[in-house]
Amino acid sequence: MRDDLNKIADELKIDTKEYKGLLSLTKNMFKTKSPDDMLDVSKKGGLKKTLGAFDLIMLGIGVMIGSGIFTALGIAAVGGNGTLGAGPAVIVSMVLASFACIFSAMCYAEFATMIPVAGSAYVYTYATMGEFIAWIVGWCLVMEFLIGYIAVLSAWTGYLMEFIKGFSRYLPEWLYNPPVWLVQDYTSAVHNLTKEGLNPDLIIPHIAGIPICFSLPGVLFTILVASILIKGIKESAAMTGVLVFIKLGVIALFVITGAFYVKPEHWVPFAPNGINGICVGAFLIFFAYLGFDAISTAAEETKNPQKTLPIGIIGSLAICTIVYILTALVLIGINPISEIDLQAPLAHAISSVGTNRITSCIAGLISIGALAGLTSVLMVMMLAGTRVLYAMSRDGFLPKILQTLHPKFKTPYIVTILAAIICITGSTFLNISTAAELCNFGTFTSFIIVCVAVLILRHTDPNRERPFKVPFSPWFPLMGIFCCGGLMLYSMRFLTTSKVLFPIWIALGIIIYFIYGYKEQRKTEETSGK
(Lines give C-alpha, C1' and ligand atoms only; values in the text may rest on other atoms or scores of the structure.)
Protein backbone atom coordinates (compact mmCIF):
# COMPACT_ATOMS: atom_id res chain seq x y z
CA MET A 1 0.00 0.00 0.00
CA ARG A 2 2.81 2.38 0.91
CA ASP A 3 4.58 1.57 -2.31
CA ASP A 4 1.43 2.42 -4.20
CA LEU A 5 1.16 5.72 -2.38
CA ASN A 6 4.80 6.50 -3.15
CA LYS A 7 4.20 5.81 -6.79
CA ILE A 8 1.19 8.12 -6.79
CA ALA A 9 3.23 10.79 -5.00
CA ASP A 10 6.04 10.42 -7.48
CA GLU A 11 3.60 10.78 -10.33
CA LEU A 12 2.12 13.88 -8.71
CA LYS A 13 5.59 15.37 -8.34
CA ILE A 14 6.30 14.77 -11.98
CA ASP A 15 3.00 16.33 -12.95
CA THR A 16 3.66 19.28 -10.67
CA LYS A 17 7.10 19.78 -12.19
CA GLU A 18 5.73 19.67 -15.70
CA TYR A 19 2.97 22.07 -14.73
CA LYS A 20 5.46 24.51 -13.23
CA GLY A 21 7.59 24.25 -16.35
CA LEU A 22 4.60 24.97 -18.57
CA LEU A 23 3.56 27.82 -16.30
CA SER A 24 7.08 29.30 -16.44
CA LEU A 25 7.15 28.96 -20.23
CA THR A 26 3.81 30.71 -20.59
CA LYS A 27 4.79 33.44 -18.14
CA ASN A 28 8.03 34.13 -20.01
CA MET A 29 6.37 34.11 -23.44
CA PHE A 30 3.89 36.79 -22.39
CA LYS A 31 6.30 38.87 -20.32
CA THR A 32 5.97 42.53 -21.30
CA LYS A 33 8.60 45.23 -21.43
CA SER A 34 7.96 48.55 -19.75
CA PRO A 35 7.64 51.53 -22.11
CA ASP A 36 9.89 53.46 -19.70
CA ASP A 37 12.62 50.82 -20.09
CA MET A 38 12.28 51.05 -23.87
CA LEU A 39 12.71 54.83 -23.73
CA ASP A 40 15.77 54.52 -21.48
CA VAL A 41 17.41 52.02 -23.82
CA SER A 42 16.68 54.16 -26.87
CA LYS A 43 18.39 57.14 -25.24
CA LYS A 44 21.57 55.08 -24.90
CA GLY A 45 21.37 53.68 -28.43
CA GLY A 46 23.08 56.53 -30.23
CA LEU A 47 20.69 57.01 -33.18
CA LYS A 48 20.74 60.66 -34.22
CA LYS A 49 17.48 62.66 -34.05
CA THR A 50 17.42 64.49 -37.37
CA LEU A 51 13.89 64.18 -38.81
CA GLY A 52 11.16 66.82 -38.61
CA ALA A 53 7.46 66.77 -39.54
CA PHE A 54 8.20 67.69 -43.17
CA ASP A 55 10.77 64.88 -43.43
CA LEU A 56 8.24 62.38 -42.06
CA ILE A 57 5.52 63.47 -44.49
CA MET A 58 8.01 63.13 -47.34
CA LEU A 59 8.97 59.65 -46.12
CA GLY A 60 5.30 58.67 -45.90
CA ILE A 61 4.43 60.01 -49.34
CA GLY A 62 7.67 58.54 -50.62
CA VAL A 63 6.60 55.00 -49.81
CA MET A 64 2.83 55.33 -50.42
CA ILE A 65 2.71 57.27 -53.68
CA GLY A 66 4.58 55.02 -56.03
CA SER A 67 3.79 51.35 -55.53
CA GLY A 68 0.05 51.92 -55.58
CA ILE A 69 -0.18 54.22 -58.58
CA PHE A 70 2.57 52.71 -60.68
CA THR A 71 1.97 49.01 -59.95
CA ALA A 72 -0.96 48.01 -57.70
CA LEU A 73 -3.54 50.31 -59.33
CA GLY A 74 -3.57 48.41 -62.62
CA ILE A 75 -3.52 44.99 -60.93
CA ALA A 76 -6.36 45.90 -58.56
CA ALA A 77 -8.52 47.22 -61.42
CA VAL A 78 -7.86 44.51 -64.00
CA GLY A 79 -6.97 41.51 -61.81
CA GLY A 80 -4.23 39.02 -62.48
CA ASN A 81 -2.41 35.95 -61.20
CA GLY A 82 -5.77 34.26 -60.60
CA THR A 83 -7.31 37.20 -58.67
CA LEU A 84 -10.46 39.18 -59.45
CA GLY A 85 -10.31 42.77 -60.67
CA ALA A 86 -12.44 45.57 -59.24
CA GLY A 87 -12.93 47.28 -62.62
CA PRO A 88 -13.80 50.99 -62.42
CA ALA A 89 -14.98 50.26 -58.87
CA VAL A 90 -11.30 50.23 -57.88
CA ILE A 91 -12.12 53.77 -56.73
CA VAL A 92 -14.41 52.24 -54.13
CA SER A 93 -11.62 49.78 -53.28
CA MET A 94 -9.32 52.72 -52.57
CA VAL A 95 -11.87 54.38 -50.31
CA LEU A 96 -12.42 51.08 -48.50
CA ALA A 97 -8.68 50.57 -48.05
CA SER A 98 -8.12 54.12 -46.81
CA PHE A 99 -11.12 53.80 -44.49
CA ALA A 100 -9.53 50.70 -42.95
CA CYS A 101 -6.23 52.57 -42.71
CA ILE A 102 -7.44 55.64 -40.85
CA PHE A 103 -8.38 53.75 -37.67
CA SER A 104 -5.03 51.93 -37.58
CA ALA A 105 -3.21 55.17 -38.39
CA MET A 106 -4.64 56.83 -35.29
CA CYS A 107 -3.60 53.85 -33.15
CA TYR A 108 -0.08 54.07 -34.58
CA ALA A 109 0.00 57.80 -33.85
CA GLU A 110 -0.99 57.25 -30.20
CA PHE A 111 1.75 54.66 -29.70
CA ALA A 112 4.39 56.53 -31.70
CA THR A 113 4.00 59.65 -29.56
CA MET A 114 3.89 57.65 -26.33
CA ILE A 115 6.79 55.28 -27.11
CA PRO A 116 8.93 57.04 -29.77
CA VAL A 117 11.51 54.30 -30.30
CA ALA A 118 12.61 52.26 -33.32
CA GLY A 119 10.58 49.15 -34.07
CA SER A 120 7.01 50.35 -34.79
CA ALA A 121 4.29 47.74 -34.05
CA TYR A 122 6.92 45.38 -32.67
CA VAL A 123 7.75 47.54 -29.64
CA TYR A 124 4.11 48.52 -29.13
CA THR A 125 3.19 44.84 -28.89
CA TYR A 126 6.11 44.09 -26.56
CA ALA A 127 4.77 46.72 -24.16
CA THR A 128 1.27 45.21 -24.08
CA MET A 129 1.14 41.52 -25.09
CA GLY A 130 4.56 40.16 -24.25
CA GLU A 131 7.65 38.96 -26.03
CA PHE A 132 6.18 36.06 -28.05
CA ILE A 133 3.44 38.12 -29.73
CA ALA A 134 5.97 40.94 -30.17
CA TRP A 135 8.31 38.56 -31.95
CA ILE A 136 5.51 37.39 -34.29
CA VAL A 137 4.59 40.99 -35.07
CA GLY A 138 8.24 41.89 -35.67
CA TRP A 139 8.56 38.86 -37.93
CA CYS A 140 5.47 40.01 -39.88
CA LEU A 141 6.93 43.51 -40.17
CA VAL A 142 10.14 42.10 -41.63
CA MET A 143 8.00 40.33 -44.23
CA GLU A 144 5.94 43.47 -44.82
CA PHE A 145 8.89 45.71 -45.56
CA LEU A 146 11.53 43.41 -47.04
CA ILE A 147 9.20 41.17 -49.06
CA GLY A 148 7.29 44.29 -50.06
CA TYR A 149 10.63 45.71 -51.20
CA ILE A 150 10.96 42.72 -53.53
CA ALA A 151 7.57 43.44 -55.12
CA VAL A 152 8.44 47.09 -55.76
CA LEU A 153 11.93 46.15 -57.00
CA SER A 154 10.35 43.92 -59.63
CA ALA A 155 8.21 46.82 -60.86
CA TRP A 156 11.22 49.18 -60.75
CA THR A 157 13.18 46.82 -63.02
CA GLY A 158 10.27 46.60 -65.44
CA TYR A 159 9.93 50.40 -65.69
CA LEU A 160 13.68 50.76 -66.12
CA MET A 161 13.75 48.31 -69.02
CA GLU A 162 10.76 50.01 -70.65
CA PHE A 163 12.53 53.36 -70.30
CA ILE A 164 15.74 51.99 -71.83
CA LYS A 165 13.81 50.49 -74.77
CA GLY A 166 12.77 54.02 -75.68
CA PHE A 167 16.40 54.61 -76.74
CA SER A 168 16.75 51.34 -78.66
CA ARG A 169 17.86 53.09 -81.85
CA TYR A 170 20.86 54.55 -80.01
CA LEU A 171 21.85 51.59 -77.81
CA PRO A 172 23.28 48.12 -78.46
CA GLU A 173 20.72 45.30 -78.41
CA TRP A 174 22.28 43.55 -75.41
CA LEU A 175 21.46 46.63 -73.30
CA TYR A 176 17.83 47.28 -74.27
CA ASN A 177 16.97 43.60 -74.89
CA PRO A 178 19.03 41.55 -72.39
CA PRO A 179 18.43 37.85 -71.68
CA VAL A 180 15.28 37.32 -69.64
CA TRP A 181 17.19 35.51 -66.89
CA LEU A 182 19.15 38.71 -66.19
CA VAL A 183 16.14 40.99 -65.63
CA GLN A 184 13.39 38.81 -64.09
CA ASP A 185 12.80 36.46 -61.19
CA TYR A 186 12.61 32.74 -61.94
CA THR A 187 8.81 32.45 -61.64
CA SER A 188 8.14 35.39 -63.97
CA ALA A 189 10.77 34.27 -66.46
CA VAL A 190 9.29 30.75 -66.69
CA HIS A 191 5.78 32.16 -67.09
CA ASN A 192 6.76 34.62 -69.83
CA LEU A 193 8.91 32.15 -71.75
CA THR A 194 6.21 29.47 -71.63
CA LYS A 195 3.65 32.03 -72.78
CA GLU A 196 5.84 32.69 -75.83
CA GLY A 197 6.05 28.95 -76.59
CA LEU A 198 9.68 28.64 -75.50
CA ASN A 199 11.27 26.02 -73.24
CA PRO A 200 12.56 27.74 -70.06
CA ASP A 201 15.00 24.90 -69.31
CA LEU A 202 16.79 25.56 -72.58
CA ILE A 203 17.04 29.33 -72.14
CA ILE A 204 17.64 29.76 -68.40
CA PRO A 205 21.18 28.60 -67.48
CA HIS A 206 21.70 26.07 -64.67
CA ILE A 207 24.62 25.42 -62.34
CA ALA A 208 24.56 22.03 -60.58
CA GLY A 209 20.88 21.77 -61.49
CA ILE A 210 20.04 25.17 -59.93
CA PRO A 211 18.52 27.74 -62.33
CA ILE A 212 20.37 31.03 -62.51
CA CYS A 213 17.73 33.73 -62.85
CA PHE A 214 17.80 37.18 -61.23
CA SER A 215 17.40 40.88 -61.92
CA LEU A 216 20.88 42.30 -62.40
CA PRO A 217 19.62 45.94 -62.40
CA GLY A 218 17.69 45.16 -59.21
CA VAL A 219 20.74 43.68 -57.50
CA LEU A 220 22.93 46.67 -58.36
CA PHE A 221 20.25 49.13 -57.28
CA THR A 222 19.70 47.33 -53.96
CA ILE A 223 23.40 47.65 -53.23
CA LEU A 224 23.13 51.39 -53.96
CA VAL A 225 20.09 51.79 -51.67
CA ALA A 226 21.86 49.97 -48.83
CA SER A 227 24.92 52.20 -49.28
CA ILE A 228 22.81 55.36 -49.04
CA LEU A 229 21.05 54.13 -45.90
CA ILE A 230 24.37 53.24 -44.28
CA LYS A 231 25.61 56.76 -44.86
CA GLY A 232 22.70 58.28 -42.93
CA ILE A 233 18.94 58.59 -42.60
CA LYS A 234 18.99 62.39 -43.04
CA GLU A 235 20.68 61.98 -46.41
CA SER A 236 18.13 59.28 -47.28
CA ALA A 237 15.23 61.55 -46.30
CA ALA A 238 16.66 64.44 -48.34
CA MET A 239 17.00 62.25 -51.44
CA THR A 240 13.50 60.87 -50.87
CA GLY A 241 12.14 64.41 -50.65
CA VAL A 242 13.58 65.29 -54.07
CA LEU A 243 12.11 62.12 -55.60
CA VAL A 244 8.72 62.85 -54.02
CA PHE A 245 8.52 66.28 -55.68
CA ILE A 246 9.48 64.76 -59.03
CA LYS A 247 6.81 62.08 -58.96
CA LEU A 248 4.11 64.41 -57.58
CA GLY A 249 4.82 66.77 -60.48
CA VAL A 250 4.60 63.91 -62.97
CA ILE A 251 1.35 62.62 -61.47
CA ALA A 252 -0.13 66.15 -61.58
CA LEU A 253 0.89 66.31 -65.25
CA PHE A 254 -0.91 63.01 -65.88
CA VAL A 255 -4.09 64.09 -64.08
CA ILE A 256 -4.27 67.50 -65.79
CA THR A 257 -3.45 66.17 -69.27
CA GLY A 258 -5.53 63.02 -68.96
CA ALA A 259 -8.60 64.89 -67.72
CA PHE A 260 -9.17 66.18 -71.29
CA TYR A 261 -9.41 62.61 -72.61
CA VAL A 262 -11.72 61.08 -69.97
CA LYS A 263 -14.73 59.21 -71.39
CA PRO A 264 -17.40 58.43 -68.76
CA GLU A 265 -18.60 55.41 -70.75
CA HIS A 266 -15.38 53.64 -69.76
CA TRP A 267 -16.73 53.51 -66.21
CA VAL A 268 -19.50 51.12 -67.29
CA PRO A 269 -19.96 48.44 -66.02
CA PHE A 270 -18.79 50.02 -62.80
CA ALA A 271 -18.24 46.82 -60.78
CA PRO A 272 -17.95 43.86 -63.20
CA ASN A 273 -17.04 41.42 -60.41
CA GLY A 274 -19.35 42.86 -57.78
CA ILE A 275 -18.45 43.06 -54.12
CA ASN A 276 -15.89 40.24 -54.49
CA GLY A 277 -13.86 42.26 -56.99
CA ILE A 278 -14.12 45.40 -54.86
CA CYS A 279 -12.88 43.62 -51.71
CA VAL A 280 -10.02 41.85 -53.49
CA GLY A 281 -9.13 45.17 -55.12
CA ALA A 282 -9.03 46.81 -51.68
CA PHE A 283 -6.76 44.02 -50.44
CA LEU A 284 -4.37 44.49 -53.36
CA ILE A 285 -4.39 48.30 -53.26
CA PHE A 286 -3.69 48.16 -49.52
CA PHE A 287 -0.11 47.47 -50.59
CA ALA A 288 0.14 51.20 -51.29
CA TYR A 289 -0.95 52.31 -47.82
CA LEU A 290 1.83 50.97 -45.65
CA GLY A 291 3.72 54.26 -45.61
CA PHE A 292 2.42 55.63 -42.33
CA ASP A 293 3.61 52.62 -40.30
CA ALA A 294 6.98 52.92 -42.02
CA ILE A 295 7.10 56.44 -40.55
CA SER A 296 6.70 55.12 -37.02
CA THR A 297 9.77 52.89 -37.41
CA ALA A 298 11.85 56.07 -37.61
CA ALA A 299 10.40 57.47 -34.36
CA GLU A 300 13.71 57.19 -32.51
CA GLU A 301 15.39 59.41 -35.11
CA THR A 302 12.64 62.08 -35.03
CA LYS A 303 12.92 65.48 -33.41
CA ASN A 304 10.04 66.28 -31.05
CA PRO A 305 8.21 63.03 -31.95
CA GLN A 306 5.17 63.79 -29.74
CA LYS A 307 4.12 66.54 -32.15
CA THR A 308 5.71 65.62 -35.46
CA LEU A 309 4.76 61.93 -35.66
CA PRO A 310 0.96 62.43 -35.71
CA ILE A 311 1.40 65.15 -38.34
CA GLY A 312 3.61 62.89 -40.45
CA ILE A 313 1.39 59.80 -40.15
CA ILE A 314 -2.05 61.31 -40.68
CA GLY A 315 -0.88 64.04 -43.06
CA SER A 316 0.82 61.66 -45.47
CA LEU A 317 -2.19 59.29 -45.40
CA ALA A 318 -4.63 62.10 -46.25
CA ILE A 319 -2.50 63.51 -49.08
CA CYS A 320 -1.93 60.10 -50.64
CA THR A 321 -5.61 59.13 -50.54
CA ILE A 322 -6.61 62.26 -52.45
CA VAL A 323 -3.88 61.73 -55.06
CA TYR A 324 -4.85 58.07 -55.49
CA ILE A 325 -8.52 58.78 -56.13
CA LEU A 326 -7.81 61.53 -58.65
CA THR A 327 -5.32 59.35 -60.53
CA ALA A 328 -7.67 56.36 -60.62
CA LEU A 329 -10.55 58.48 -61.93
CA VAL A 330 -8.46 59.78 -64.81
CA LEU A 331 -6.76 56.46 -65.64
CA ILE A 332 -10.00 54.49 -65.88
CA GLY A 333 -11.66 57.36 -67.73
CA ILE A 334 -8.96 57.29 -70.43
CA ASN A 335 -8.71 53.53 -70.98
CA PRO A 336 -11.39 50.86 -70.70
CA ILE A 337 -10.45 48.15 -68.21
CA SER A 338 -9.53 45.68 -70.95
CA GLU A 339 -6.88 48.05 -72.33
CA ILE A 340 -5.10 49.04 -69.11
CA ASP A 341 -1.46 48.00 -69.15
CA LEU A 342 -0.36 46.28 -65.94
CA GLN A 343 3.34 47.13 -66.21
CA ALA A 344 3.08 50.85 -66.97
CA PRO A 345 -0.59 51.91 -66.73
CA LEU A 346 -0.13 55.70 -66.61
CA ALA A 347 2.42 55.98 -69.41
CA HIS A 348 0.44 53.57 -71.58
CA ALA A 349 -2.78 55.54 -70.98
CA ILE A 350 -1.26 58.79 -72.23
CA SER A 351 0.38 57.05 -75.19
CA SER A 352 -2.96 55.51 -76.19
CA VAL A 353 -4.71 58.87 -76.71
CA GLY A 354 -2.43 59.81 -79.60
CA THR A 355 0.99 59.41 -81.14
CA ASN A 356 1.94 63.08 -81.45
CA ARG A 357 5.15 64.46 -80.03
CA ILE A 358 3.48 66.05 -76.99
CA THR A 359 1.80 62.88 -75.72
CA SER A 360 4.96 60.86 -76.39
CA CYS A 361 6.98 63.37 -74.37
CA ILE A 362 4.45 63.27 -71.51
CA ALA A 363 4.51 59.44 -71.56
CA GLY A 364 8.29 59.55 -71.29
CA LEU A 365 8.13 61.96 -68.36
CA ILE A 366 5.64 59.67 -66.63
CA SER A 367 8.08 56.77 -67.01
CA ILE A 368 10.77 58.88 -65.36
CA GLY A 369 8.33 59.80 -62.60
CA ALA A 370 7.52 56.12 -62.09
CA LEU A 371 11.21 55.31 -61.63
CA ALA A 372 11.56 58.21 -59.19
CA GLY A 373 8.44 57.13 -57.32
CA LEU A 374 9.45 53.49 -57.02
CA THR A 375 12.98 54.50 -56.02
CA SER A 376 11.67 56.48 -53.05
CA VAL A 377 9.43 53.54 -52.07
CA LEU A 378 12.39 51.16 -52.12
CA MET A 379 14.50 53.43 -49.93
CA VAL A 380 11.82 53.84 -47.26
CA MET A 381 10.89 50.15 -47.22
CA MET A 382 14.47 49.04 -46.66
CA LEU A 383 14.88 51.75 -44.02
CA ALA A 384 11.81 50.47 -42.17
CA GLY A 385 12.87 46.83 -42.44
CA THR A 386 16.33 47.49 -41.04
CA ARG A 387 14.94 49.47 -38.09
CA VAL A 388 12.63 46.59 -37.12
CA LEU A 389 15.51 44.10 -37.24
CA TYR A 390 17.63 46.56 -35.26
CA ALA A 391 14.99 46.82 -32.52
CA MET A 392 14.57 43.03 -32.33
CA SER A 393 18.32 42.57 -32.05
CA ARG A 394 18.53 45.18 -29.30
CA ASP A 395 15.92 43.20 -27.34
CA GLY A 396 17.97 40.00 -27.65
CA PHE A 397 15.79 38.09 -30.12
CA LEU A 398 18.44 38.26 -32.82
CA PRO A 399 22.26 38.26 -32.58
CA LYS A 400 23.73 41.39 -30.96
CA ILE A 401 25.98 42.03 -33.93
CA LEU A 402 22.95 43.31 -35.85
CA GLN A 403 22.68 46.34 -33.56
CA THR A 404 26.22 47.47 -34.24
CA LEU A 405 26.34 51.10 -35.37
CA HIS A 406 28.72 52.44 -37.96
CA PRO A 407 31.56 54.26 -36.15
CA LYS A 408 31.26 57.32 -38.40
CA PHE A 409 27.66 57.49 -39.66
CA LYS A 410 25.96 56.10 -36.49
CA THR A 411 23.63 53.89 -38.53
CA PRO A 412 23.02 50.13 -38.09
CA TYR A 413 25.14 49.13 -41.06
CA ILE A 414 25.42 45.37 -40.45
CA VAL A 415 21.66 44.88 -40.30
CA THR A 416 21.33 47.04 -43.43
CA ILE A 417 23.73 44.73 -45.28
CA LEU A 418 21.71 41.71 -44.06
CA ALA A 419 18.46 43.30 -45.28
CA ALA A 420 20.01 43.89 -48.70
CA ILE A 421 21.06 40.23 -48.90
CA ILE A 422 17.53 39.08 -47.96
CA CYS A 423 16.00 41.33 -50.63
CA ILE A 424 18.43 40.22 -53.32
CA THR A 425 17.91 36.54 -52.51
CA GLY A 426 14.11 36.79 -52.38
CA SER A 427 13.94 38.74 -55.63
CA THR A 428 15.31 35.73 -57.52
CA PHE A 429 12.20 33.56 -57.03
CA LEU A 430 9.26 35.73 -55.81
CA ASN A 431 7.17 37.43 -58.50
CA ILE A 432 5.54 40.82 -58.01
CA SER A 433 2.01 39.55 -57.29
CA THR A 434 3.00 36.98 -54.67
CA ALA A 435 5.42 39.36 -52.97
CA ALA A 436 2.79 42.12 -52.83
CA GLU A 437 0.19 39.76 -51.37
CA LEU A 438 2.62 38.50 -48.71
CA CYS A 439 3.48 42.09 -47.87
CA ASN A 440 -0.23 42.78 -47.38
CA PHE A 441 -0.61 39.85 -45.00
CA GLY A 442 2.17 41.28 -42.84
CA THR A 443 0.61 44.74 -43.02
CA PHE A 444 -2.86 43.61 -41.99
CA THR A 445 -1.51 41.51 -39.14
CA SER A 446 0.50 44.36 -37.66
CA PHE A 447 -2.38 46.83 -38.09
CA ILE A 448 -4.81 44.55 -36.26
CA ILE A 449 -2.43 43.88 -33.37
CA VAL A 450 -1.62 47.58 -32.91
CA CYS A 451 -5.35 48.32 -32.60
CA VAL A 452 -5.64 45.57 -29.98
CA ALA A 453 -2.54 46.88 -28.18
CA VAL A 454 -4.06 50.36 -27.82
CA LEU A 455 -7.08 48.89 -26.07
CA ILE A 456 -4.89 46.79 -23.76
CA LEU A 457 -2.61 49.65 -22.70
CA ARG A 458 -5.60 51.93 -22.11
CA HIS A 459 -6.72 49.35 -19.55
CA THR A 460 -3.36 48.34 -18.01
CA ASP A 461 -1.73 51.79 -17.92
CA PRO A 462 -4.53 54.38 -18.13
CA ASN A 463 -2.53 57.17 -16.45
CA ARG A 464 0.39 57.17 -18.88
CA GLU A 465 0.82 60.46 -20.71
CA ARG A 466 -0.59 60.28 -24.24
CA PRO A 467 0.30 63.37 -26.31
CA PHE A 468 -2.07 62.04 -28.98
CA LYS A 469 -5.12 59.89 -28.14
CA VAL A 470 -7.26 57.88 -30.54
CA PRO A 471 -10.69 59.56 -30.46
CA PHE A 472 -13.86 57.62 -29.70
CA SER A 473 -12.01 54.74 -28.07
CA PRO A 474 -12.73 51.82 -27.97
CA TRP A 475 -14.88 52.17 -31.10
CA PHE A 476 -12.16 53.44 -33.46
CA PRO A 477 -9.63 50.70 -32.54
CA LEU A 478 -12.41 48.10 -32.82
CA MET A 479 -13.31 49.44 -36.27
CA GLY A 480 -9.66 49.09 -37.28
CA ILE A 481 -9.66 45.45 -36.15
CA PHE A 482 -12.94 44.73 -37.94
CA CYS A 483 -12.00 46.43 -41.23
CA CYS A 484 -8.49 45.00 -41.53
CA GLY A 485 -9.37 41.52 -40.27
CA GLY A 486 -12.50 41.25 -42.36
CA LEU A 487 -10.77 42.42 -45.53
CA MET A 488 -7.88 39.98 -45.04
CA LEU A 489 -10.06 36.94 -44.30
CA TYR A 490 -12.51 37.70 -47.10
CA SER A 491 -9.74 38.13 -49.69
CA MET A 492 -8.03 34.86 -48.71
CA ARG A 493 -10.88 33.00 -50.42
CA PHE A 494 -9.62 34.26 -53.78
CA LEU A 495 -5.83 34.03 -53.26
CA THR A 496 -3.56 31.07 -54.05
CA THR A 497 0.20 30.93 -53.41
CA SER A 498 0.47 33.70 -50.83
CA LYS A 499 -2.11 32.21 -48.44
CA VAL A 500 0.09 29.09 -48.27
CA LEU A 501 3.41 30.92 -47.90
CA PHE A 502 2.15 33.20 -45.13
CA PRO A 503 1.55 30.39 -42.58
CA ILE A 504 4.92 28.91 -43.53
CA TRP A 505 6.57 32.27 -42.78
CA ILE A 506 4.83 32.42 -39.39
CA ALA A 507 5.85 28.84 -38.58
CA LEU A 508 9.48 29.66 -39.46
CA GLY A 509 9.34 32.66 -37.13
CA ILE A 510 8.02 30.53 -34.26
CA ILE A 511 10.82 28.01 -34.77
CA ILE A 512 13.48 30.76 -34.68
CA TYR A 513 11.91 32.19 -31.52
CA PHE A 514 12.08 28.94 -29.57
CA ILE A 515 15.48 27.87 -30.93
CA TYR A 516 17.23 31.21 -30.38
CA GLY A 517 15.14 34.13 -29.11
CA TYR A 518 13.48 32.48 -26.10
CA LYS A 519 16.75 30.93 -24.88
CA GLU A 520 18.66 34.19 -25.28
CA GLN A 521 16.03 36.07 -23.30
CA ARG A 522 16.34 33.63 -20.40
CA LYS A 523 20.16 33.83 -20.47
CA THR A 524 19.93 37.62 -20.36
CA GLU A 525 17.59 37.45 -17.38
CA GLU A 526 19.92 35.09 -15.51
CA THR A 527 22.90 37.37 -16.18
CA SER A 528 21.05 40.48 -15.03
CA GLY A 529 19.60 38.66 -12.01
CA LYS A 530 15.97 39.26 -13.00
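How many helices and strands does the secondary structure of the protein come to? The secondary structure comes to 20 helices and 2 strands, where helices (H or I, at least four residues) and strands (E, at least two) are DSSP runs numbered from the N terminus. This is a predicted model, in which local features need pLDDT of at least 70 and side-chain atom pairs count only at pLDDT 80 or more, while totals for chains, interfaces and linings use all residues. Residues are numbered from 1 along each chain as its sequence is written, and side-chain values use heavy atoms, with hydrogens and water left out.

- Among contacts (heavy atoms within 4.5 Å) between residues at least 6 apart in sequence, 83% join residues at least 24 apart.
- The protein has an accessible surface of about 22500 Å², and 67% of this surface belongs to carbon and sulfur atoms; such areas come from the Shrake-Rupley method with a 1.4 Å probe, and for residues only the protein chains shown count as cover.

**Salt bridges**

- In general, side chains of opposite charge can pair when their charged atoms come close.
- A salt bridge is taken as a side-chain nitrogen of Lys or Arg within 4 Å of a carboxyl oxygen of Asp or Glu, and by this rule the count comes to 3 salt bridges.
- One of them joins the side chains of R458 and E110, at 2.8 Å from N to O. Because R458 lies in helix α18 and E110 in helix α4, this pair ties together parts that are 348 residues apart in sequence. E110 is buried, as its relative accessible area is 1%.
- Another salt bridge is formed by the side chains of D461 and R464, at 2.7 Å from N to O. D461 counts as partly exposed at 22% relative accessibility, whereas R464, at 17%, counts as buried.
- K523 forms a salt bridge with E520, and the closest N and O atoms of this pair are 3.7 Å apart. K523 and E520 are 3 residues apart in helix α20 (residues 497–528), so about one helical turn separates them. E520 is partly exposed, with a relative accessible area of 22%.

- Helix α10 (residues 216–231) has 16 residues and reaches 23 Å from its first C-alpha to its last, which is close to the 22 Å expected at 1.5 Å a residue; the expected span is 1.5 Å times one less than the number of residues.
- The buried residues of α10 include P217, G218, V219, F221 and T222, and also V225, A226, I228, L229 and I230.
- At the start of α10, a side-chain oxygen of S215 reaches to within 3.0 Å of the backbone nitrogen of G218. This pair falls under the heading of polar contact, meaning N or O atoms within 3.5 Å, where within protein one must be able to donate a hydrogen and the other to accept it, and where residues adjacent in sequence count only if both atoms are side-chain atoms.
- Helix α19 (residues 475–492) has 18 residues that should span 26 Å at 1.5 Å a residue, and its end C-alpha atoms are 26 Å apart, in agreement with that value.
- In α19, the residues P477, G480, C483, C484, G485, L487, M488 and S491 are buried, and the buried residues of this helix pack against α4 (90–114), α12 (274–285) and α18 (432–460).

**Individual residues**

- F30 lies in the loop between α1 (2–29) and α2 (35–45) and counts as partly exposed at 42% relative accessibility. F30 and G130 are 100 residues apart in sequence, yet their C-alpha atoms are 3.9 Å apart in space. With neighbours within four places in sequence left aside, F30 is in contact with M129, G130, E131 and I133.
- Q521, in helix α20, counts as buried at 7% relative accessibility. Not counting residues up to four places away in sequence, Q521 touches Y126, E131, D395, G396 and F397.
- I275, in helix α12, counts as exposed at 53% relative accessibility. I275 and S93 are 182 residues apart in sequence and 9.6 Å apart in space, C-alpha to C-alpha.

Terms used: Buried < 20%, exposed > 50% of the residue type's maximum accessible area, 1.4 Å probe, protein only.
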